[in-house]
Amino acid sequence: MLHIDLADHYQRGTSPIHRLDPRVKIVGTLLFILAATLLPPGSWAALAVLFLGSLGVAWQSRLGVTYALKRSFVVLPFALAAVTLPFTVPGATLAQVGAFVISVEGTVRFLSVLVKSWVSVQVALLLAVTTAFPDLLWALRELRVPRPLVSIISFMYRYMFVLADEALRLQRARAARSAQGQDPRRTGGSVLWRGRVAGGLVGNLTLRAFERSERIYNAMLARGFRGELKTLTPPTLTQFDRYALAGWVTFLAMASLIGFVFAR
Amino acid sequence: MLFKPVQLHIPDGFLSTPVSIIGWVLLVVTVAVALRQTRGQLGERQIPLMGVLAAFIFAAQAINFPVAGGTSGHLLGGALAAIIMGPWAAVLIMTSVVAIQGLIFQDGGLLVMGWNILNMGVLTAFTGYFVYQLMRRLLGEGRNSLLAAGAVGAWLSVMVGALATAIQLGVSGTSPLGVALPAMAGVHALIGLGEAVITVGALTFLYAARRDLLSIGETAPGKASASWVGVGLGIALVVAAFSFAASPDPDGLERVAEDTGFLGRALEPVYNLFPDYTLPFISDPLVSGILAVILGTLIVFGAAFLLARVQGSRKAGA
């Protein structure tokens, strides 16, 4: 583990999804998540349609139909936040566990939240893996995210791998000096001591970050930096992009319609 | 994997649409102010310095230490960034960190990103900075005052972020407030300790190695505005907690009241100051839960304050 390659999750490709204008992809993703979030609880048909839509995008991206599906279970741990709904929402009894009543309404609400977040994360993932990060940043700026903020984020992206490497080296140095035993929990002194050492590493990393930013700034000045980052001329929206966005919006509108018509 | 997500990242779907949109509106205003403030503070160094420090917080979140039972303490970083760089610069740093985590790593949703950034970036930065400055003023100069102020600021910053998250989940109807609030408070009282220990470790190091860096935050612009935001924040949290405690349908609340005891026992936090985060002499579990959180906060604050005072006077006497 010499160099950290934190997975630029971007997967190179030439599929129609890869070639879509990044602005279209960002807006399309947000609209999809908005459509999913707006659905009333228990709109299973509409959620199924949205899920098929995300599978369709995955298929068109030529990464494999189940590409996003396989990586979409990251949201599950957070489900704990909603897990009490079946017990606390009043309604018809579904089952009884000891003194606690599981209600139908509560279970429906809980599962809806879960499925909504699960389909949303699939589309968000597809956005990230089919768009190179510089393109994403360019699109953000075009979508009126303040220019300095986008510049800061692009700097962060450029250096986070470097600083993550530094963090890794610091941790390796700590491991080399703390006589790591079989049981990592018993390494070093008390919990407090371990925490202070970790804090020391963070402090050390602070200094390295400051010094690096100083060097970077000087290098930028030497190359004519005047407080603004320049970018080359960007692509323009093609006919294909417009049709794709129009088709996507129609699809989302239909899914929402299904959701509200067949609402429980 | 080296990079574990921090617990407060809300995925899409867990917050209702109106709540999500309110978050975005608040964020847009906050970032606009932050950009103007730091422009004055840093000039054209703003972009490279903020960018590299954001990368630093991202990397620092990966530095952890084993605690017990497979859990580990790690840093969120909002308070530390604010203590070093001042509150508005910290807002920009944390905004970048949380935005990249959501965009590239799917740690946290996109529609809910407004609140994710506010919870983990803005609220942590302002709470951390406000408490830190307040305690520094009360305790005076010196190493112990610095460390005590850093510890309490860091711990409270995580608590405020967690409580705000609980309130959003409650208002969105994803988790009843009577459950979410005590549960989040309980878990993050522990997680906040990790934050406090690492922050103190970092401040100790910086105090020894480069004391001058710690004065950037002291002289940063927006000290007054940060104080006002801090005071407003405290009031808003209390009002929000109590108003939503009063408003939901009584049926739901009664159910919560029945179930909280069970849930509290299910979580069984050994670190809990009060059993099930409820005070024995108040019957409503929600109100007593909130009171317990406030009381716990005051106790920790007071203890750190006293400790620093005692140590300081001992040093002065010697």
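**View 1. Helix 10 of chain A, residues 239-261, contains A:Val261.** Helices here are DSSP runs of H or I with at least four residues, numbered from the N terminus. A:Val261 is exposed, with a relative accessible area of 59%, where exposed means over 50% (1.4 Å probe, protein chains only). Together with A:Leu257 and A:Phe262, A:Val261 forms a nonpolar surface patch with about 360 Å² of accessible area; such patches join nonpolar side chains (Val, Leu, Ile, Met, Phe, Trp, Tyr) within 5 Å, from residues with over 30% relative accessible area and no salt bridge, and accessible areas come from the Shrake-Rupley method with a 1.4 Å probe.

This is a predicted model, in which local features need pLDDT of at least 70 and side-chain atom pairs count only at pLDDT 80 or more, whereas totals for chains, interfaces and linings use all residues. Residues are numbered from 1 along each chain as its sequence is written, chains are lettered from A in the order in which they are written, and side-chain values use heavy atoms, without hydrogens or water.

**View 2. The interface of chain A and chain B buries about 7,000 Å².** Buried area is the accessible area (1.4 Å probe) that two parts lose on being put together, summed over both; carbon and sulfur atoms give 79% of it here. A:Phe78, A:Met156 and A:Phe210 supply 11% of the area that chain A buries against chain B, more than any other three residues.

**View 3. A:Glu214 and B:Arg45 meet through their side chains in a salt bridge (2.9 Å, N to O).** A salt bridge is a side-chain nitrogen of Lys or Arg within 4 Å of a carboxyl oxygen of Asp or Glu, and the count between chain A and chain B is two.

Note on methods. Patch = residues over 30% accessible without salt bridge, like charges linked within 9 Å, V, L, I, M, F, W, Y side chains within 5 Å. Helix = DSSP H or I, 4+ residues; strand = E, 2+ residues; numbered from the N terminus. Buried < 20%, exposed > 50% of the residue type's maximum accessible area, 1.4 Å probe, protein only.
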